[in-house]
Amino acid sequence: MNTNNPADKPATPPVNTPDTTADSAAPAAAHAAAHAPVSPETQAALASTAHAPNSPGATHIRSFVHRRGHITQGQLAALERLMDQWSIPYSARRLDPATAFGRQAPTVLEIGFGMGETTEKIALARPGDNFLGVEVFNAGVGSLLRRIEDSSIPNLRIIQHDAVEVVRDMIAPDSLAGVHVYFPDPWPKKRHHKRRLLQPAFVSLLASRIAPGGYIHCATDWEDYAVQMLEVLSGEPLLANTVEGYAPRPDYRPLTKFETRGLRLGHGVWDLIFKRVA
Ligand SMILES: C[S@@+](CC[C@H](N)C(=O)[O-])C[C@H]1O[C@@H](n2cnc3c(N)ncnc32)[C@H](O)[C@@H]1O
(Lines give C-alpha, C1' and ligand atoms only; values in the text may rest on other atoms or scores of the structure.)
Protein backbone atom coordinates (compact mmCIF):
# COMPACT_ATOMS: atom_id res chain seq x y z
CA MET A 1 0.00 0.00 0.00
CA ASN A 2 1.39 3.38 -0.94
CA THR A 3 0.15 5.97 1.50
CA ASN A 4 -0.51 9.56 0.56
CA ASN A 5 -0.08 10.78 4.09
CA PRO A 6 2.27 13.82 3.91
CA ALA A 7 4.07 12.49 6.98
CA ASP A 8 5.11 9.62 4.74
CA LYS A 9 6.96 11.89 2.32
CA PRO A 10 10.19 12.56 4.22
CA ALA A 11 12.31 15.48 3.20
CA THR A 12 15.31 14.05 5.05
CA PRO A 13 17.50 12.07 2.68
CA PRO A 14 18.67 8.71 3.95
CA VAL A 15 22.07 8.61 5.60
CA ASN A 16 25.00 7.01 3.73
CA THR A 17 23.82 8.34 0.41
CA PRO A 18 26.65 7.61 -1.99
CA ASP A 19 28.85 10.46 -3.21
CA THR A 20 27.34 11.20 -6.59
CA THR A 21 30.24 13.30 -7.79
CA ALA A 22 32.82 10.68 -6.89
CA ASP A 23 34.04 10.41 -10.44
CA SER A 24 35.79 13.73 -10.47
CA ALA A 25 33.70 16.52 -12.09
CA ALA A 26 33.36 19.71 -10.09
CA PRO A 27 29.92 20.43 -8.59
CA ALA A 28 29.31 23.38 -10.93
CA ALA A 29 30.02 21.23 -13.96
CA ALA A 30 27.86 18.51 -12.53
CA HIS A 31 25.04 20.96 -12.01
CA ALA A 32 25.34 22.17 -15.58
CA ALA A 33 25.46 18.57 -16.79
CA ALA A 34 22.34 17.74 -14.87
CA HIS A 35 20.52 20.42 -16.82
CA ALA A 36 22.11 19.74 -20.20
CA PRO A 37 19.88 18.64 -23.07
CA VAL A 38 19.89 14.87 -23.36
CA SER A 39 18.87 12.36 -25.96
CA PRO A 40 15.40 10.79 -25.99
CA GLU A 41 16.95 7.55 -24.65
CA THR A 42 18.47 9.31 -21.68
CA GLN A 43 15.27 11.26 -21.13
CA ALA A 44 13.45 7.94 -20.99
CA ALA A 45 15.98 6.49 -18.56
CA LEU A 46 15.73 9.53 -16.32
CA ALA A 47 11.97 9.74 -16.56
CA SER A 48 11.36 6.16 -15.58
CA THR A 49 13.22 6.73 -12.35
CA ALA A 50 11.82 10.17 -11.73
CA HIS A 51 8.34 8.76 -11.79
CA ALA A 52 9.04 5.54 -9.94
CA PRO A 53 8.40 6.72 -6.37
CA ASN A 54 4.87 7.81 -7.09
CA SER A 55 4.02 5.59 -10.01
CA PRO A 56 0.35 4.77 -10.20
CA GLY A 57 -0.54 1.32 -9.05
CA ALA A 58 2.40 1.07 -6.65
CA THR A 59 1.57 -1.65 -4.16
CA HIS A 60 4.22 -1.08 -1.55
CA ILE A 61 5.97 1.66 0.37
CA ARG A 62 9.12 2.59 -1.52
CA SER A 63 12.51 2.19 0.16
CA PHE A 64 13.84 5.27 -1.67
CA VAL A 65 12.77 8.79 -2.49
CA HIS A 66 13.47 10.53 -5.75
CA ARG A 67 16.22 13.07 -5.33
CA ARG A 68 17.46 15.52 -7.93
CA GLY A 69 21.03 14.80 -6.91
CA HIS A 70 24.12 15.86 -8.78
CA ILE A 71 25.07 13.89 -11.81
CA THR A 72 28.44 14.39 -13.47
CA GLN A 73 29.01 14.91 -17.16
CA GLY A 74 30.72 11.51 -17.30
CA GLN A 75 27.82 9.73 -15.61
CA LEU A 76 25.31 11.42 -17.89
CA ALA A 77 27.36 10.55 -20.98
CA ALA A 78 27.61 6.95 -19.78
CA LEU A 79 23.83 6.75 -19.33
CA GLU A 80 23.37 8.04 -22.82
CA ARG A 81 25.99 5.88 -24.51
CA LEU A 82 26.11 2.62 -22.56
CA MET A 83 22.60 2.05 -21.22
CA ASP A 84 21.48 0.01 -24.22
CA GLN A 85 24.57 -2.16 -24.11
CA TRP A 86 24.71 -3.07 -20.43
CA SER A 87 21.28 -2.48 -18.99
CA ILE A 88 18.10 -4.48 -19.19
CA PRO A 89 14.86 -2.49 -19.19
CA TYR A 90 12.38 -3.31 -16.46
CA SER A 91 9.45 -5.32 -17.74
CA ALA A 92 6.75 -7.27 -15.96
CA ARG A 93 8.05 -10.45 -17.62
CA ARG A 94 10.51 -13.07 -16.36
CA LEU A 95 14.11 -12.44 -17.34
CA ASP A 96 16.08 -15.21 -19.01
CA PRO A 97 19.59 -14.83 -17.52
CA ALA A 98 21.22 -17.02 -20.19
CA THR A 99 20.00 -14.60 -22.84
CA ALA A 100 20.74 -11.49 -20.79
CA PHE A 101 24.34 -12.55 -20.04
CA GLY A 102 24.96 -14.62 -23.16
CA ARG A 103 25.93 -17.65 -21.09
CA GLN A 104 24.74 -20.10 -18.43
CA ALA A 105 26.31 -19.26 -15.07
CA PRO A 106 25.18 -18.77 -11.47
CA THR A 107 23.43 -15.40 -11.17
CA VAL A 108 23.86 -13.10 -8.17
CA LEU A 109 21.49 -10.18 -7.66
CA GLU A 110 22.74 -7.00 -5.97
CA ILE A 111 20.15 -4.56 -4.68
CA GLY A 112 21.07 -0.88 -4.35
CA PHE A 113 24.64 -0.84 -5.65
CA GLY A 114 25.07 2.93 -5.10
CA MET A 115 28.07 4.12 -7.12
CA GLY A 116 29.03 0.52 -7.87
CA GLU A 117 32.56 0.34 -6.36
CA THR A 118 31.83 -2.91 -4.55
CA THR A 119 29.87 -4.33 -7.47
CA GLU A 120 32.78 -3.75 -9.83
CA LYS A 121 35.31 -5.37 -7.49
CA ILE A 122 33.17 -8.44 -6.82
CA ALA A 123 32.26 -8.96 -10.49
CA LEU A 124 35.94 -8.78 -11.45
CA ALA A 125 36.97 -11.14 -8.66
CA ARG A 126 34.30 -13.72 -9.53
CA PRO A 127 34.35 -14.03 -13.33
CA GLY A 128 32.49 -17.34 -13.22
CA ASP A 129 29.32 -15.70 -11.84
CA ASN A 130 26.81 -13.37 -13.50
CA PHE A 131 25.97 -10.21 -11.53
CA LEU A 132 22.70 -8.36 -11.91
CA GLY A 133 22.80 -4.95 -10.23
CA VAL A 134 19.59 -3.11 -9.46
CA GLU A 135 19.62 0.60 -8.58
CA VAL A 136 17.20 3.49 -9.00
CA PHE A 137 19.66 6.32 -8.77
CA ASN A 138 20.73 7.92 -12.10
CA ALA A 139 24.22 8.97 -10.99
CA GLY A 140 24.87 5.49 -9.57
CA VAL A 141 23.76 3.78 -12.77
CA GLY A 142 25.91 6.16 -14.83
CA SER A 143 28.85 5.49 -12.53
CA LEU A 144 28.56 1.70 -12.80
CA LEU A 145 28.13 1.87 -16.58
CA ARG A 146 31.45 3.73 -16.73
CA ARG A 147 33.09 1.11 -14.53
CA ILE A 148 31.79 -1.69 -16.78
CA GLU A 149 33.36 -0.02 -19.77
CA ASP A 150 36.59 1.17 -18.13
CA SER A 151 37.33 -2.18 -16.49
CA SER A 152 35.84 -4.34 -19.31
CA ILE A 153 33.49 -6.28 -17.05
CA PRO A 154 31.58 -8.82 -19.15
CA ASN A 155 29.60 -10.47 -16.33
CA LEU A 156 27.58 -7.50 -15.07
CA ARG A 157 24.18 -6.15 -16.15
CA ILE A 158 22.09 -3.35 -14.68
CA ILE A 159 18.38 -2.86 -14.20
CA GLN A 160 17.39 0.69 -13.25
CA HIS A 161 14.17 0.18 -11.37
CA ASP A 162 12.68 -0.48 -7.94
CA ALA A 163 14.21 -3.77 -6.80
CA VAL A 164 10.97 -4.87 -5.17
CA GLU A 165 9.25 -4.91 -8.56
CA VAL A 166 12.27 -6.41 -10.31
CA VAL A 167 12.38 -9.32 -7.86
CA ARG A 168 8.62 -9.78 -7.96
CA ASP A 169 8.21 -9.61 -11.74
CA MET A 170 11.50 -10.47 -13.44
CA ILE A 171 13.24 -13.05 -11.26
CA ALA A 172 12.04 -16.64 -11.50
CA PRO A 173 11.44 -18.65 -8.31
CA ASP A 174 14.37 -20.83 -7.13
CA SER A 175 16.73 -19.25 -9.64
CA LEU A 176 19.36 -17.05 -7.94
CA ALA A 177 22.72 -18.30 -6.69
CA GLY A 178 22.95 -15.35 -4.32
CA VAL A 179 21.65 -11.95 -3.26
CA HIS A 180 23.77 -9.03 -2.02
CA VAL A 181 22.25 -6.13 -0.08
CA TYR A 182 25.05 -3.90 1.16
CA PHE A 183 24.37 -0.90 3.37
CA PRO A 184 20.72 -0.40 2.41
CA ASP A 185 19.32 3.01 3.36
CA PRO A 186 18.93 2.81 7.14
CA TRP A 187 15.96 5.19 7.44
CA PRO A 188 17.04 6.00 11.00
CA LYS A 189 13.90 7.83 12.19
CA LYS A 190 11.39 5.51 13.75
CA ARG A 191 8.52 6.87 11.69
CA HIS A 192 10.49 5.99 8.53
CA HIS A 193 11.36 2.43 9.52
CA LYS A 194 8.52 1.24 7.32
CA ARG A 195 10.64 2.32 4.34
CA ARG A 196 13.47 -0.05 5.20
CA LEU A 197 13.97 -2.55 2.40
CA LEU A 198 14.47 -5.64 4.54
CA GLN A 199 10.98 -6.27 5.89
CA PRO A 200 9.40 -9.73 6.33
CA ALA A 201 7.29 -9.59 3.15
CA PHE A 202 10.18 -8.62 0.89
CA VAL A 203 12.60 -11.05 2.53
CA SER A 204 10.06 -13.80 1.98
CA LEU A 205 9.77 -12.83 -1.70
CA LEU A 206 13.56 -12.69 -2.05
CA ALA A 207 14.00 -16.08 -0.36
CA SER A 208 11.54 -17.62 -2.83
CA ARG A 209 13.76 -16.41 -5.73
CA ILE A 210 16.98 -17.95 -4.34
CA ALA A 211 17.77 -21.49 -5.46
CA PRO A 212 18.03 -24.09 -2.68
CA GLY A 213 21.63 -23.89 -1.41
CA GLY A 214 21.97 -20.27 -2.59
CA TYR A 215 22.67 -17.42 -0.18
CA ILE A 216 21.64 -13.93 0.86
CA HIS A 217 24.35 -11.64 2.21
CA CYS A 218 23.43 -8.34 3.87
CA ALA A 219 25.62 -5.77 5.58
CA THR A 220 24.83 -2.65 7.57
CA ASP A 221 26.53 -0.19 9.87
CA TRP A 222 23.30 0.65 11.71
CA GLU A 223 23.05 -1.49 14.79
CA ASP A 224 19.28 -1.39 15.12
CA TYR A 225 18.88 -2.24 11.41
CA ALA A 226 21.33 -5.14 11.95
CA VAL A 227 19.11 -6.37 14.78
CA GLN A 228 16.04 -6.02 12.53
CA MET A 229 17.81 -7.90 9.69
CA LEU A 230 18.79 -10.73 12.01
CA GLU A 231 15.25 -10.99 13.29
CA VAL A 232 13.61 -10.86 9.85
CA LEU A 233 16.07 -13.24 8.14
CA SER A 234 15.90 -15.69 11.07
CA GLY A 235 12.10 -15.57 10.94
CA GLU A 236 11.95 -16.58 7.27
CA PRO A 237 11.29 -20.34 7.06
CA LEU A 238 13.08 -20.68 3.69
CA LEU A 239 16.35 -19.35 5.15
CA ALA A 240 18.87 -20.67 7.67
CA ASN A 241 21.72 -18.72 9.23
CA THR A 242 25.19 -19.91 8.19
CA VAL A 243 26.59 -18.98 11.61
CA GLU A 244 25.18 -18.09 14.98
CA GLY A 245 24.24 -14.41 14.81
CA TYR A 246 26.40 -12.12 12.67
CA ALA A 247 28.96 -13.46 10.19
CA PRO A 248 32.57 -12.36 9.73
CA ARG A 249 32.96 -10.27 6.55
CA PRO A 250 33.77 -12.76 3.78
CA ASP A 251 36.84 -12.03 1.63
CA TYR A 252 34.75 -11.41 -1.49
CA ARG A 253 33.08 -8.33 0.05
CA PRO A 254 35.67 -5.52 -0.10
CA LEU A 255 35.68 -2.77 2.54
CA THR A 256 33.99 0.36 1.18
CA LYS A 257 35.60 3.81 1.58
CA PHE A 258 32.79 4.82 3.81
CA GLU A 259 33.10 1.65 5.91
CA THR A 260 36.86 2.12 6.35
CA ARG A 261 36.21 5.63 7.69
CA GLY A 262 33.47 4.35 10.00
CA LEU A 263 35.63 1.56 11.35
CA ARG A 264 38.39 4.10 12.09
CA LEU A 265 35.85 6.07 14.11
CA GLY A 266 34.94 2.94 16.02
CA HIS A 267 31.59 2.28 14.31
CA GLY A 268 30.46 -1.29 13.88
CA VAL A 269 29.57 -3.17 10.70
CA TRP A 270 27.40 -6.26 10.76
CA ASP A 271 27.35 -8.92 8.02
CA LEU A 272 24.56 -11.48 7.82
CA ILE A 273 24.79 -14.55 5.58
CA PHE A 274 21.85 -16.92 5.32
CA LYS A 275 21.35 -19.94 3.05
CA ARG A 276 18.19 -20.93 1.23
CA VAL A 277 17.03 -24.28 2.55
CA ALA A 278 15.62 -26.91 0.20
C1 LIG B 1 23.02 3.75 1.29
S2 LIG B 1 23.15 3.36 -0.39
C3 LIG B 1 24.34 2.04 -0.38
C4 LIG B 1 25.00 1.85 -1.69
C5 LIG B 1 26.00 0.71 -1.81
N6 LIG B 1 25.39 -0.58 -1.64
C7 LIG B 1 27.15 0.88 -0.85
O8 LIG B 1 27.39 -0.01 -0.04
O9 LIG B 1 27.84 1.92 -0.94
C10 LIG B 1 21.63 2.48 -0.73
C11 LIG B 1 21.30 2.45 -2.21
O12 LIG B 1 20.14 1.64 -2.42
C13 LIG B 1 19.36 2.24 -3.46
N14 LIG B 1 17.98 1.76 -3.29
C15 LIG B 1 17.17 1.97 -2.23
N16 LIG B 1 15.99 1.35 -2.40
C17 LIG B 1 16.06 0.73 -3.61
C18 LIG B 1 15.14 -0.07 -4.34
N19 LIG B 1 13.92 -0.35 -3.86
N20 LIG B 1 15.52 -0.53 -5.54
C21 LIG B 1 16.75 -0.26 -6.03
N22 LIG B 1 17.67 0.49 -5.38
C23 LIG B 1 17.33 0.98 -4.17
C24 LIG B 1 19.52 3.73 -3.23
O25 LIG B 1 19.26 4.47 -4.40
C26 LIG B 1 20.98 3.82 -2.79
O27 LIG B 1 21.84 4.05 -3.87
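Helices (H or I, at least four residues) and strands (E, at least two) are DSSP runs, numbered from the N terminus.

Before I go on, a word on what you are looking at. This is a predicted model, in which local features need pLDDT of at least 70 and side-chain atom pairs count only at pLDDT 80 or more, while totals for chains, interfaces and linings use all residues. Residues are numbered from 1 along each chain as its sequence is written.

Now the overall picture. The chain comes to ten helices and seven strands, and of its 278 residues, 39% count as buried. If you take contacts between residues at least 6 apart in sequence, 82% of them join residues at least 24 apart.

Let's go to the annotated sites. One "binding site" annotation in the unreviewed UniProt entry covers E110, E135, D162 and D185. These four are spread over 76 residues of sequence, yet they cluster in space, with a largest C-alpha distance of 14.1 Å. A note on the record: UniProt positions are given in the numbering used here, feature names are shortened, and annotations may be inferred rather than shown by experiment.

Take E110 from that set. E110 sits in strand β1, residues 107-111. Is E110 buried or exposed? E110 counts as buried because it has 26 C-beta neighbours inside 10 Å. Leaving out residues up to four places away in sequence, E110 touches T119, F131, G133, V134 and H180.

D162, also in that annotation, lies in the loop between β3 and α7 (163-170). With 22 C-beta neighbours inside 10 Å, D162 counts as buried too.

K189 lies in the loop between β4 (176-182) and α8 (200-209). K189 counts as exposed, because it has 10 C-beta neighbours inside 10 Å. K257 is found in helix α10, residues 257-264, and K257 is partly exposed, with 13 other C-beta atoms within 10 Å.

On to the ligand. Which residues are the closest to it? Of the 24 residues that surround the ligand, the closest are S63, G112, G114, A163 and F183; a residue is near if its C-beta atom, placed from the backbone, lies within 6 Å. Both β2 and α7 supply at least two residues of this shell. By class, the shell has 13 nonpolar, eight polar and three charged residues. For that count, Ala, Val, Leu, Ile, Met, Phe, Trp, Tyr, Cys and Pro are nonpolar, Asp, Glu, Lys and Arg are charged, and the others, Gly among them, are polar.

Stay with F183 for a moment, in the loop between β4 and α8. F183 has a positive phi of about 50° although it is not a glycine, and F183 is buried, with 22 other C-beta atoms within 10 Å. S152 is another non-glycine residue with positive phi, near 45°. S152 has its place in the loop between α6 (138-150) and β3 (156-160), and S152 is exposed, with 7 other C-beta atoms within 10 Å.

Next, the core. The largest nonpolar core has 57 residues, and those with the most contacts inside it are L109, L145, L198 and M229. Such a core is a set of buried Ala, Val, Leu, Ile, Met, Phe, Trp, Tyr and Cys residues joined through C-beta atoms within 7 Å. M229 touches L198, C218, T220 and L272, not counting residues up to four places away in sequence.

Last, the strands around β7. Strand β5 (residues 210-220) and strand β7 (residues 270-276) run antiparallel, joined by six bridges; strands pair if DSSP finds at least two bridges between them. Here A219 stands opposite D271 in β7. Strand β6 (residues 239-241) also runs antiparallel to β7, with three bridges, and N241 stands opposite F274.

Note on methods: A residue is buried if 20 or more other C-beta atoms lie within 10 Å of its own, exposed if 12 or fewer, and partly exposed in between; C-beta atoms are placed from the backbone. Two residues are in contact if their C-beta atoms, placed from the backbone, lie within 7 Å.
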